[in-house]
Amino acid sequence: VSIVKDSRIDSLVQNQSVVIPPSVRPKMNGYRIQLYFDSDKGEINNARSRFIQQFPKIDTYVIYNAPNFFLKVGDFRTRLEAEKIKASIELQFPTSFVIQEPINIPRLDSEETL
């Protein structure tokens with residue numbers, strides 16, 4: 001059996017297997033707060049901007065699971081961290097709740113390390 005192939009195939013396969021660090025973040029078990037869900041993405045974006053105004057350093061995630069968009073926030077290691085933020089936003093987002101799911105490893109800000 002003789003395999004005849006273009007030499008560029010090997011380079012394409014090698015390029016596909018390279019992991020670009022910013023695109024893949026390590027995951028761990030943790031908690032997020034689900035703030036809001038709606039089928040209208042405009043409503044989700046409004047809720048997201050209201051949250052970002054209050055907490056600019058907490059990451060927000062918009063996830064689409066047909067037919068709704070879900071707004072989830074935070075990468076909390078413990079339920080207590082998530083509940084603390086949830087308590088401070090309960091007036092603006094009364095239907096929010098804490099969920100357990102894989103999270104991105106939380107980044108360390110230079111202010112927190114001092």
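How many of the 114 residues of the chain count as buried? The share is 31%, where buried means under 20% relative accessible area, exposed means over 50%, and partly exposed is anything in between (1.4 Å probe, protein chains only). Here are my notes, point by point.

1. **What you are looking at.** This is a predicted model, so local features need pLDDT of at least 70, side-chain atom pairs count only at pLDDT 80 or more, and totals for chains, interfaces and linings use all residues. Residues are numbered from 1 along each chain as its sequence is written, and side-chain values use heavy atoms, with hydrogens and water left out.

2. **The parts list.** The chain has four helices and four strands. Helices (H or I, at least four residues) and strands (E, at least two) are DSSP runs, numbered from the N terminus. Walk along from the N terminus and the order is α-β-α-β-β-α-β-α.

3. **Surface and contacts.** Now for contacts, meaning heavy atoms within 4.5 Å. Take those in the chain with a separation of 6 or more: residues 24 or more positions apart account for 72% of them.

4. **Strand E3 and its partners.** Start with E3 (68-76). Nine of the nine residues of E3 are buried, so the rest of the structure largely encloses this strand. E3 runs antiparallel to E1, with six bridges joining the two. E2 and E3 are antiparallel as well, and six bridges join them. Two strands count as paired if DSSP finds at least two bridges between them. For landmarks, find Tyr31, whose bridge partner in E3 is Phe76, and Ile63, which stands opposite Phe70 in E3.

5. **The turn with the cis bond.** E2 and E3 form a hairpin with two residues between them. Pro67 sits in that loop, between E2 (60-65) and E3 (68-76). Is the peptide bond from Ala66 to Pro67 cis or trans? That bond is cis, with omega near 5°. As background, most peptide bonds are trans.

6. **Gln34, worth a click.** Gln34 belongs to strand E1 (residues 27-38). Its relative accessibility is 9%, so Gln34 counts as buried. Leave aside the neighbours within four places in sequence, and Gln34 is in contact with Phe70, Leu71, Lys72, Thr95, Ser96, Phe97 and Ile99.

7. Which residues of H3 are buried? They are Ala82, Ile85, Lys86 and Ile89. Looking down the axis of H3, these buried residues fall within an arc of 105°, so they line one face of the helix. The arc is taken from the directions from the helix axis to the C-beta atoms. An α-helix has 3.6 residues a turn, so residues three or four places apart point the same way. On the other side of H3, Leu80, Lys84 and Ala87 are exposed. The cover over the buried residues of H3 includes E1, helix H2 (41-54), E3 and strand E4 (97-104).

8. **Salt bridges.** Side chains of opposite charge can pair when their charged atoms come close. The rule for a salt bridge is a side-chain nitrogen of Lys or Arg within 4 Å of a carboxyl oxygen of Asp or Glu. By that rule there are seven salt bridges. One of them links the side chains of Asp6 and Arg8, at 2.6 Å from N to O. Asp6 is partly exposed, with a relative accessible area of 34%, while Arg8 is exposed at 58%.

9. Glu83 and Arg79 meet in a salt bridge at 3.6 Å, N to O. Both lie in H3 (residues 79-89), four residues apart, which is about one turn of the helix. Glu83 is partly exposed at 32% relative accessible area, and Arg79 is partly exposed at 41%. Another salt bridge joins Glu90 and Lys86, at 3.1 Å from N to O. Here Glu90 is partly exposed, at 40% relative accessible area, whereas Lys86 counts as buried at 12%. Elsewhere, salt bridges that share partners join Arg32, Lys72, Asp75 and Glu101 into one network.
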